[in-house]
Amino acid sequence: MGLWGAIAAALGLGREAVEARGRLKVAEIEARAKIEEARSTAALRAAEHDAAWETLALSDAASSWKDEWWTILLAIPLILAFVPGLPPYIEAGFAALDETPDWYRWALLAAISFAFGRRVMPQIGGAGKKEHPKE
């Protein structure tokens, strides 16, 4: 094998290396495409699940009285606040509720949230323990 043979062999090895590198790049691109396809499929399934939940919540709300019950119940202190002499009783009631255990406030928040068709409870710091400055 002469000089030309050595050059031809080196060129052959170089060509094989380039081809191997090309196959590796193709494999990487295909792997990325599969990952993106999996993400898209997961996002589509999540959207379908959300739509199914919304449909179920709307159909349940059509024959349910829970959201109306909570709306009326939550409006009572608002209405009574305008009745002369009752605001101290309303304040005392809220002070008593502020002394309830955290698990009770979270359970109440969950019941109200789910009655209105919420899938996730709102994030409230301290679940009612937050101090509001008085003027």
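This is a predicted model: local features need pLDDT of at least 70, side-chain atom pairs count only at pLDDT 80 or more; totals for chains, interfaces and linings use all residues.
User: Happy to start simple: how many helices and strands does the secondary structure of the chain come to?
Analyst: It comes to four helices and zero strands. Of the 135 residues, 10% count as buried.

User: Let's take helix H4. How do you know that the distance between its end C-alpha atoms agrees with its number of residues?
Analyst: Good one to check by hand. H4 covers residues 102-115, which is 14 residues. The expected span is 1.5 Å times one less than the number of residues, so H4 should span 20 Å. Its end C-alpha atoms are 20 Å apart, and therefore the two agree.

User: Which residues of H4 are buried, and what covers them?
Analyst: Arg105, Leu109, Ala110, Ile112, Ser113 and Ala115 are buried in H4. Their cover includes H2 and helix H3, residues 87-98.

User: Why is Ser113 called buried?
Analyst: Buried means under 20% relative accessible area. Ser113, which lies in helix H4, has 7% relative accessibility, so Ser113 counts as buried.

User: And what lies 2.9 Å from a polar atom of the Ser113 side chain?
Analyst: That is the backbone oxygen of Leu109, another of the buried residues of H4. As a general point, an α-helix has 3.6 residues a turn, so residues three or four places apart point the same way.

User: Now Leu73 in helix H2, residues 66-80. Why is Leu73 called partly exposed?
Analyst: Partly exposed lies between the buried limit of 20% and the exposed limit of 50%. Leu73 has 33% relative accessibility, so Leu73 counts as partly exposed.

User: To finish, how much of the accessible surface of the whole chain belongs to carbon and sulfur atoms?
Analyst: The accessible surface comes to about 11300 Å², and 68% of that belongs to carbon and sulfur atoms.

Terms used
Residues are numbered from 1 along each chain as its sequence is written. Side-chain values use heavy atoms; hydrogens and water are left out. Helices (H or I, at least four residues) and strands (E, at least two) are DSSP runs, numbered from the N terminus. Buried means under 20% relative accessible area, exposed over 50%, partly exposed in between (1.4 Å probe, protein chains only). Accessible areas come from the Shrake-Rupley method with a 1.4 Å probe; for residues, only the protein chains shown count as cover. Contact means heavy atoms within 4.5 Å. A polar contact is a pair of N or O atoms within 3.5 Å; within protein, one must be able to donate a hydrogen and the other to accept it, and residues adjacent in sequence count only if both atoms are side-chain atoms.
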